[in-house]
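The sequence and the model are shown first.

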Amino acid sequence: MAAVSADVFVPRLEEKHEEPPEKKQKKTDEERQEEEDAPNREKVGLPLDDDDDDDDDDCFPGELPEMTRAECFLYHQQVNESGGFDVDDFSHSFACGRIETMGFEGVIDDADKKKLGEYSMKAIHKYNTDEKKNFTFKEVVKANVQCVAGLMYYITFKAEDASTATIETFQAKVWRGIGFVEVTSIRVKPISISKQGNEDLAICCSRSS
């Protein structure tokens with residue numbers, strides 16, 4: 001008896017593809033980051049919904065995430081306007097060569113404060129010599145630091161004019177290299193700082209070159 005073959009039609013059920021839990025979590029993290037980043041976007045004039053942002057937020061456990069685009073814009077703006085002396089604390093993120101605020105929540109520990117005081121006295125001595133003035137160091141107000149073949153300190157401090165007893169706020173850049181300390185610049189803090197440009201704008205906001 002010959003075998004009879006017959007085509008049997010089996011209806012195909014639609015398959016449901018659910019996203020893995022980790023992908024759902026990632027989307028949730030991205031949405032949360034967008035919400036946290038909204039104030040920074042508004043400060044620098046970026047749209048709140050920007051599809052051009054890099055989605056590469058992945059990092060190894062224990063590593064800091066890279067700066068967002070809005071944070072980079074804000075950082076550049078602050079460095080450009082203040083010369084690096086007044087920048088926000090972005091320590092929650094990573095960027096190579098960035099100017100960082102010193103201290104925890106603005107409080108500098110005693111050891112660093114002593115060192116910054118010594119650098120400030122060195123800076124005010126240079127100012128007195130160059131400008132024929134007689135200021136004496138009073139106290140450190142705040143400081144930032146940047147890795148540049150050593151460390152570059154951006155120190156804001158107060159000094160008193162011995163002849164008039166007036167207090168002025170100074171800003172000094174002090175470079176501590178290997179075996180030397182050099183005051184690269186010092187000025188009276190401008191009352192109103194306009195955009196003045198700064199070589200520190202060449203920040204690498206990514207680990208890749």
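This is a predicted model: local features need pLDDT of at least 70, side-chain atom pairs count only at pLDDT 80 or more; totals for chains, interfaces and linings use all residues.

## Cysteines

The structure contains zero disulfides. The sulfur of cysteine 147 has its closest cysteine sulfur in cysteine 96, at 8.7 Å. A disulfide requires two cysteine sulfur atoms within 2.5 Å, so the sulfur of cysteine 147 is too far from that of cysteine 96 for a bond.

These two residues also have computed accessibilities. Cysteine 96 is partly exposed, its relative accessible area being 44%. Cysteine 147 is exposed, with a value of 59%.

Strand β4 covers residues 167-176 and strand β5 covers residues 181-188. The two strands run antiparallel and are joined by seven bridges. Within this pairing, phenylalanine 170 stands opposite valine 188 in β5.

Four residues lie between the strands of the hairpin, in which glycine 179 adopts a positive phi near 85°.

## Isoleucine 155

Isoleucine 155 belongs to strand β3, which spans residues 151-161. Its relative accessibility is 0%, and isoleucine 155 therefore counts as buried, since that term applies under 20% relative accessible area.

Leaving aside residues up to four places away in sequence, isoleucine 155 touches a set of residues that includes Phe85, Leu116, Tyr119 and Val140. Phe170, Gln171, Ala172 and Val174 are also among the residues it touches. Glycine 84 is 71 residues from isoleucine 155 in sequence, while their C-alpha atoms are 9.7 Å apart in space.

Definitions and conventions. Residues are numbered from 1 along each chain as its sequence is written. Side-chain values use heavy atoms; hydrogens and water are left out. Buried means under 20% relative accessible area, exposed over 50%, partly exposed in between (1.4 Å probe, protein chains only). Two strands pair if DSSP finds at least two bridges between them. Contact means heavy atoms within 4.5 Å.
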